[in-house]
Amino acid sequence: MTNSYIDQWYLDNLVCPIDKSQLAYENNQMHCIKHSHIYNIFRGIPIMLVDKYQKTNNLHSLRTVNIVEGREKLRFDLQRDLKKNEIDPLVQEIIAETNSNFYTKAVGKLKTYTIPDFPISTNDNKHLLDVGCGWGRWCISSSKSGFDTIGIDPCIDSIMSAIRISKQLNIKTKFVIGDARFLPFKKDLFDNCFSFSVFQHFIKEDVKKILEGINFTLKVGGISNIHMLNKYGLRSLCMQIKHIFKKYEYFQTTYWSSSDLISLFNIKIGHSKVVYLSFFTQAQYKDYHLFKPMHKLIFNISKILNSIALKIPFIKYFADNIYIISKK
Ligand SMILES: [Zn+2]
């Protein structure tokens with residue numbers, strides 16, 4: 001299942017995700033020199049998951065380990081490159097899971113990839129880490145905005161899809177399979193860190209751990225843009241009332257207030273601020289034609305609230321989607 005090729009970048013920049021020690025490459029595996037933790041390489045992609053050594057409760061990484069060790073099969077194991085206008089079959093299937101329920105009408109019918117606009121740009125190839133990159137929509141978007149992007153995700157199906165799409169679109173992103181709570185990157189490596197629609201799926205203790213990992217690998221002066229859900233967002237409030245008597249479920253949403261987020265990010269990364277993004281949905285205007293009439297209506301109300309918030313700033317405190325921007 002594995003092959004012997006690995007890009008030198010990985011050998012130069014990855015460290016053991018458990019103890020951050022240096023890795024040695026031998027027999028198509030990476031070994032940590034301090035405690036001999038072993039990491040496999042699957043088709044040139046390092047599998048930096050720690051499930052062999054730590055209890056992660058991460059279903060994505062458990063599935064990945066099963067695939068790498070031959071007990072399960074990839075969802076779409078395409079043995080060819082994607083054609084010029086073809087949409088990757090995994091993206092066709094999971095678009096509503098990754099981009100929100102506004103995209104349910106587009107499942108199986110996408111004609112182009114839904115690539116959002118990246119909120120920042122650079123002229124000098126800054127190194128950017130995309131945490132929880134999935135099939136790579138933000139990797140493509142950041143790459144188009146001038147960043148030299150590395151995407152990390154525990155789900156091997158998503159990473160294989162991201163690799164196919166990057167090749168198809170001629171995007172130079174690198175990918176690593178890993179758990180956000182155990183980032184496998186050396187100290188002071190990245191200028192920027194980005195994550196969208198990922199952190200809300202972790203419990204608060206895990207978010208703290210992820211932020212410590214980001215702080216470790218971010219350069220001094222580096223910037224992180226992390227998308228979060230606002231506890232007092234209009235949709236968030238409805239969802240919390242709806243789920244008030246529900247027991248915790250895997251991948252369930254965790255809500256934070258923006259003041260709690262600022263306090264935490266100030267401590268874990270550095271000076272932080274909130275940028276209020278949108279009400280109700282994270283769907284993108286450029287994908288409007290893909291939405292059902294009901295979702296178009298909600299999207300328009302969201303746009304109206306956004307413009308009201310420009311005139312009456314108090315309204316923005318009820319936005320659902322926010323970025324926490326921090327400087328190390
Ligand atoms: Zn180690």
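Asp130 has Phe194 as its bridge partner in strand E8. This pair is a starting point for a walk through the structure, which is a predicted model.

Three bridges join strand E5 (residues 127-131) to E8, and the two strands run parallel. E8 is also joined to E9, here by five bridges and again in parallel. On that side, Ser195 stands opposite Ile226 in E9. Five of the six residues of E8 are buried, so the strand is mostly covered.

Is Phe190 buried or exposed? Phe190 has 26 other C-beta atoms within 10 Å and is therefore buried, the cut-off for a buried residue being 20 or more. Leaving aside residues up to four places away in sequence, Phe190 touches His127, Leu128 and Leu129, and also Thr217, Leu218, Lys219 and Gly222. Lys126 is 64 residues from Phe190 in sequence, yet the two C-alpha atoms are 7.7 Å apart in space.

Asn125 is found in the loop between H3 and E5. Asn125 has a positive phi of about 50° although it is not a glycine. Most residues other than glycine have a negative phi. With 11 C-beta neighbours inside 10 Å, Asn125 counts as exposed.

Helix H5 covers residues 156-169. Its 14 residues reach 20 Å from the first C-alpha to the last, close to the 20 Å expected at 1.5 Å a residue. Eleven of those 14 residues are buried, so H5 is largely enclosed by the rest of the structure. The buried residues are Ile156, Asp157, Ser158, Ile159, Met160, Ser161, Ala162, Ile163, Arg164, Ile165 and Ser166. What do they pack against? The partners are strand E4 (45-46), helix H2 (59-68), helix H3 (89-99), helix H4 (137-144), strand E6 (148-153) and strand E7 (174-177). Just after H5, Asn170 takes a positive phi of about 60°.

Helix H8 (residues 258-268) has buried residues at Ser258, Leu261, Phe265 and Lys268. Why do these four lie on the same side of H8? They cover an arc of only 100° around the axis, which puts them there. The spacing can be read from the geometry of a helix. An α-helix has 3.6 residues a turn, so residues three or four places apart point the same way. The face of H8 turned away from the buried side carries the exposed residues Ser259 and Asp260. Just after H8, Gly270 takes a positive phi of about 160°.

Another sheet is open and has four strands in the order E1-E2-E3-E4, with antiparallel pairing. Its edge strands are E1 (23-26) and E4, each of which pairs on one side only. Within this sheet, three bridges join E2 (residues 29-32) to E3 (residues 38-42), and these strands run antiparallel. The bridge partner of His31 in E3 is Ile38. The loop between E2 and E3 contains Ser36. Ser36 has a positive phi of about 60° although it is not a glycine. Is Ser36 buried or exposed? Ser36 has 10 other C-beta atoms within 10 Å and is exposed, since the cut-off for an exposed residue is 12 or fewer.

Across the boundary, 19 residues of domain 1 are in contact with 17 residues of domain 2. Which elements give two or more residues to the side of domain 1 that touches domain 2? They are helix H1 (8-13), E4 and H2. H2 gives the most, with five residues. By residue type, this side of domain 1 divides into 13 nonpolar residues, six polar and no charged. Both E4 and H2 are also among the elements that pack against the buried residues of H5.

Methods: Residues are numbered from 1 along each chain as its sequence is written. This is a predicted model: local features need pLDDT of at least 70, side-chain atom pairs count only at pLDDT 80 or more; totals for chains, interfaces and linings use all residues. The arc is that of the directions from the helix axis to the C-beta atoms. The expected span of a helix is 1.5 Å times one less than its number of residues. Two residues are in contact if their C-beta atoms, placed from the backbone, lie within 7 Å. Two strands pair if DSSP finds at least two bridges between them. Ala, Val, Leu, Ile, Met, Phe, Trp, Tyr, Cys and Pro count as nonpolar, Asp, Glu, Lys and Arg as charged, and the others, Gly among them, as polar.
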